[in-house]
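Please look at the sequence and the structure before reading on.

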Amino acid sequence: MVPTQYYLILSAILFGLGAVAFVVKRNIITIFMSIELMLNAVNLAFVAFSQAKGKLDGQVFVLFVIVVAAAEAAVGLGIIILTARNRRSLNIERVDLLKL
Amino acid sequence: MTPALIVFFVLAALCVIGALSLILQKHPIHSALSLIVVMVSLAGLYLLLGAEFVAAVQIIVYGGAIMVLFVFVIMLLNASAEEHTSFSKLAKFGGLPLALALTGLLAAAMIRNGGALPNSPNPDALASTSSISMMLFSTFVYPFELTSFLILVAIMGALVLAQREKKA
């Protein structure tokens, strides 16, 4: 039997790595992938809590998170294609129209 | 050390290695493959937690649909390896320490408060797929219907965003 804290610590580590990747990476697609990594970390915490509490609400919420992530991926990749077409680059340093 | 603990540590190591590889790889397609490793080992962890349905959905939707979409876009845009731009000062001196502090804070909070949680005595009896579906279509039926609307809006949004502009 694996203690619940182990899952929660793993979830925290994955979320932190996702946050680091979000800050460090320069490629729009990779940044988007790090968002997916953070969502996955949260899903792991949901399932771990659901198992610890003996209730299924957490797993139902994971399904909702996955649906929202799929919708977000579709719209976000559409935006990425649009940006790449307009800027001729996937580097976020080039997307600085709102920068002062 | 029980077999479950060994399986957990192997899968957890795969997860962390995959996430690190996502950060360290220069080419986006390599990052995408690392992310697939993370997702598949997370599905294994869900199986270990006794959540078979979530594990299957994780493989089908994340490992299948979403990552194929990512790989497809990477190939469509012919993405090349990351350019080495000047690593922004804000990211280096503000972002990285803050992200590491966030990880430490989350892990510390989990260690301190997660210990109070009891383990479910019988995880196998918990997560039958039929009870999830009963819950999904009774307690959570309105959010469930809302997600179908959300997906419809997302389809239309993606279509509008990605279509070629007509010459006016």
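In this predicted model, the buried residues of α2(B) pack against α2 of chain A as well as against α1 (3-24) and α3 of chain B. Those buried residues are Pro28(B), Ser31(B), Ala32(B), Ser34(B), Leu35(B), Val38(B), Met39(B), Leu42(B), Ala43(B), Leu45(B) and Tyr46(B). Just after α2(B), Gly50(B) has a positive phi of about 80°.

The rest of chain B gives the setting for this helix. Chain B contains 6 helices and 0 strands, and from the N terminus on its elements run α-α-α-α-α-α. Of the 168 residues in chain B, 26% are buried. Among contacts in chain B between residues at least 6 apart in sequence, 55% join residues at least 24 apart. The chain is divided into domain 1 (1-80) and domain 2 (128-168), and the centres of these two domains, taken over C-alpha atoms, are separated by 23 Å.

Next comes the contact between the chains. The contact takes 74 residues from chain B and 60 residues from chain A. On the side of chain B that touches chain A, the elements giving two or more residues are α1, α2, α3, α4 (89-114), α5 (129-138) and α6 (141-162) of chain B. The most comes from α4(B), with 12 residues. By class, this side of chain B has 59 nonpolar, 13 polar and 2 charged residues.

One part of the picture is the pairing of α2(A) with α3(B). Helix α2 (residues 28-53) of chain A and helix α3 (residues 52-76) of chain B have axes that come within 12 Å and cross at roughly 175°. Angles over 145 degrees count as roughly antiparallel, and α2(A) and α3(B) are therefore roughly antiparallel to each other. From α2(A), the contact is made by Ile29(A), Met33(A), Glu36(A) and Val47(A), and from α3(B) by Val54(B), Ile66(B), Phe70(B), Val73(B) and Ile74(B). By class, this contact has 8 nonpolar, no polar and 1 charged residues.

Helix α2(A) is mostly covered, with 22 of its 26 residues buried. At 1.5 Å a residue, the 26 residues of α2(A) should span 38 Å, and its end C-alpha atoms are 38 Å apart, which agrees. Just after α2(A), Gly54(A) takes a positive phi of about 70°.

Helix α3(B) also pairs with α3(A). The axes of α3(A) and α3(B) come within 11 Å and cross at roughly 5°. These two helices are therefore roughly parallel to each other. The α3(A) side of the contact is made by Gln59(A), Val62(A), Leu63(A), Ile66(A), Ala69(A), Ala70(A), Ala73(A), Leu77(A), Ile80(A) and Ile81(A), and the α3(B) side by Val54(B), Val57(B), Val61(B), Tyr62(B), Ala65(B), Ile66(B), Leu69(B) and Val73(B). The residues of this contact divide into 17 nonpolar, 1 polar and no charged.

The 31 residues of helix α3 (residues 57-87) of chain A should span 45 Å at 1.5 Å a residue; its end C-alpha atoms are 44 Å apart, which agrees. The buried residues in α3(A) include Gly58(A), Val60(A), Val67(A), Ala74(A) and Gly76(A). What covers the buried residues of α3(A) includes α2 of chain A together with α3, α5 and α6 of chain B. Just after α3(A), Arg88(A) takes a positive phi of about 60°.

Which residues does Val54(B) touch, not counting residues up to four places away in sequence? Val54(B) is found in helix α3 of chain B, and it touches Val47(A), Gln59(A), Val62(A) and Tyr46(B). Val54(B) counts as buried because it has 28 C-beta neighbours inside 10 Å, where 20 or more are required. The C-alpha atoms of Val54(B) and Thr129(B) are separated by 9.0 Å, although the two residues are 75 residues apart along the chain.

Methods. Residues numbered from 1 in each chain as written. Chains lettered and ligands numbered in written order. Predicted model: local features only at pLDDT ≥ 70, side-chain atom pairs only at ≥ 80, totals over all residues. Axes fitted to C-alpha atoms, helices over the stretch in contact; angles between N-to-C directions. Helix = DSSP H or I, 4+ residues; strand = E, 2+ residues; numbered from the N terminus. Parallel < 35°, antiparallel > 145°, perpendicular 65-115°, else oblique. Contact = placed C-beta atoms within 7 Å. Nonpolar A, V, L, I, M, F, W, Y, C, P; charged D, E, K, R; others polar. Buried ≥ 20, exposed ≤ 12 C-beta atoms within 10 Å, placed from the backbone. Domains from an automatic or database assignment. Expected span 1.5 Å × (residues − 1).
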